[in-house]
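Visitor: I would like to know what stands behind the labels used for this protein. Please set the values against the cut-offs.

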Amino acid sequence: MSNKKFSISRRQAIGAGVVGIAAVATSNRAIANTQKPPAPASGKADANGRFKDKVVLITGATSGIGEATAKAFAKEGAIVHFCGRREALGNKISQEINAQGGRSSYQKADIRNEQEVKAFVDTCVQKYGRIDIAFNNAGIEATAAPLAEQSLENFTNVMTTNAVGYFLSMKYEIPHMLQRGGGVIINNASVSAHDGFALISPYSASKHAIIGLTKCAALEYTPKNIRINSISPGGVDTPMLRRALKGFGITAEQAAAGVPIRRINTVEEMARMVMFLSSNDASSVAGTDIDVTGGMLTA
């Protein structure tokens with residue numbers, strides 16, 4: 001792949017580097033906001049919280065949105081079984097959750113590998129008897145380049161992780177939910193599933209695929225009491241976004257300037273939306289993608 005630089009517009013740069021890649025970013029100091037973002041949940045887990053004894057399966061929870069969601073569910077009384085490829089981080093996060101009175105277990109798994117996905121899902125059922133809620137969240141970003149200079153290796157890796165991995169996750173989650181009479185699945189898509197952004201065609205294609213899978217699965221399984229939805233984050237304060245900001249030479253303030261709420265979203269906000277869709281408050285929501293971009297899709 002060529003290393004030469006390309007002249008792109010500010011919208012394209014911000015889209016590719018910030019909005020097109022939904023994940024963790026800079027520091028709180030770098031968030032240019034007109035609205036104060038919600039504070040992270042803190043304190044001991046509540047065993048009698050609103051997700052008391054619910055079994056929650058999460059892929060890719062060793063950082064970012066997945067980590068925040070695992071901690072938020074555990075704080076509300078859920079039992080969380082999560083995976084990720086980084087074993088040391090996974091064990092650390094599980095220990096942090098359990099130290100606060102939560103209940104969690106980590107299993108190393110790569111969602112590109114069918115046998116590892118199956119083993120991850122099966123282990124959850126063996127340990128806890130069922131899966132009530134699944135949040136399919138694991139994903140990777142694309143190498144930035146025009147489509148004609150993208151390597152097949154990069155395109156295939158992104159699609160295998162972000163699209164095939166979600167297919168495999170639902171493939172093995174759904175039978176267990178059918179067996180026990182229902183459940184809830186939330187898939188993590190992106191603003192890039194709704195728009196095109198220069199230089200990240202593999203990522204955008206993979207996220208479009210997630211919404212397609214979500215809608216098809218919802219049509220098939222909503223009548224069988226499995227509610228399946230997706231969320232589409234915009235720029236979220238995660239490590240993946242840090243890398244994108246650095247790569248494109250864009251500050252968080254510049255990125256936030258293109259967002260109607262004038263700030264980068266937080267991982268806690270994404271966790272709250274996942275929890276809403278998992279709750280009885282969203283009992284009639286199925287086959288829907290929820291915009292959590294801070295207003296980017298209204299432009």
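What follows is a short exchange on terms and the values behind them.

Visitor: What kind of model is this, and how are residues numbered?

Guide: This is a predicted model, in which local features need pLDDT of at least 70, side-chain atom pairs count only at pLDDT 80 or more, and totals for chains, interfaces and linings use all residues. Residues are numbered from 1 along each chain as its sequence is written, and side-chain values use heavy atoms, with hydrogens and water left out.

Visitor: How many helices and strands does the protein chain have?

Guide: The protein chain has nine helices and seven strands. Both are DSSP runs numbered from the N terminus: helices are H or I with at least four residues, strands are E with at least two.

Visitor: Why is Cys124 called buried?

Guide: Buried means under 20% relative accessible area, exposed means over 50%, and partly exposed lies in between (1.4 Å probe, protein chains only). Cys124 has a relative accessible area of 0%, so it is buried.

Visitor: What makes Cys216 partly exposed?

Guide: Its relative accessibility is 45%, so Cys216 falls in the partly exposed class.

Visitor: What share of the protein chain is buried?

Guide: Of the 299 residues in the protein chain, 54% are buried. The accessible surface comes to about 13000 Å², with 52% of it belonging to carbon and sulfur atoms. Those areas come from the Shrake-Rupley method with a 1.4 Å probe, and for residues only the protein chains shown count as cover.

Visitor: Which share of the contacts joins residues at least 24 apart?

Guide: Take contacts between residues at least 6 apart in sequence: 78% of them join residues at least 24 apart. Contact means heavy atoms within 4.5 Å.

Visitor: Why are helix 5 and helix 6 called roughly parallel?

Guide: Two packed helices are described by the angle between their axes and the distance between the axes. Axes are lines fitted to C-alpha atoms, for helices over the stretch in contact, and angles run from 0 to 180 degrees between N-to-C directions. Helix 5 (residues 152-180) and helix 6 (residues 201-221) pack at about 15 degrees, with axes 8 Å apart. Angles under 35 degrees count as roughly parallel, over 145 as roughly antiparallel, 65 to 115 as roughly perpendicular and the rest as oblique. Therefore helix 5 and helix 6 are roughly parallel. Their contact includes Phe155 and Tyr166 of helix 5, and Tyr203 and Leu213 of helix 6.

Visitor: What is the handedness of the crossing of helix 5 and helix 6?

Guide: The crossing is right-handed. A crossing is right-handed if the near helix is turned clockwise from the far one by less than a right angle, and left-handed if anticlockwise.

Visitor: What makes helix 4 roughly parallel to helix 5?

Guide: Helix 4 (residues 114-128) and helix 5 pack at about 30 degrees, with axes 9 Å apart. That angle makes helix 4 roughly parallel to helix 5. Helix 4 passes helix 5 in a right-handed crossing.

Visitor: Why are helix 2 and helix 3 roughly parallel?

Guide: The axes of helix 2 (residues 64-75) and helix 3 (residues 87-99) cross at roughly 25 degrees and come within 10 Å. Helix 2 and helix 3 are therefore roughly parallel. The contact includes Ala70 of helix 2 and Ile93 of helix 3.

Visitor: Why does Pro239 count as partly exposed?

Guide: Pro239 has 26% relative accessibility, so it counts as partly exposed. Pro239 is in helix 7 (residues 239-248).

Visitor: What sets Arg262 apart in its phi value?

Guide: Phi of Arg262 is near 60 degrees, a positive value in a residue other than glycine. Arg262 lies in the loop between helix 8 and helix 9. At 39% relative accessibility, Arg262 is partly exposed. Ile261 lies in the loop between helix 8 (252-257) and helix 9 (267-278), and at 14% Ile261 counts as buried.
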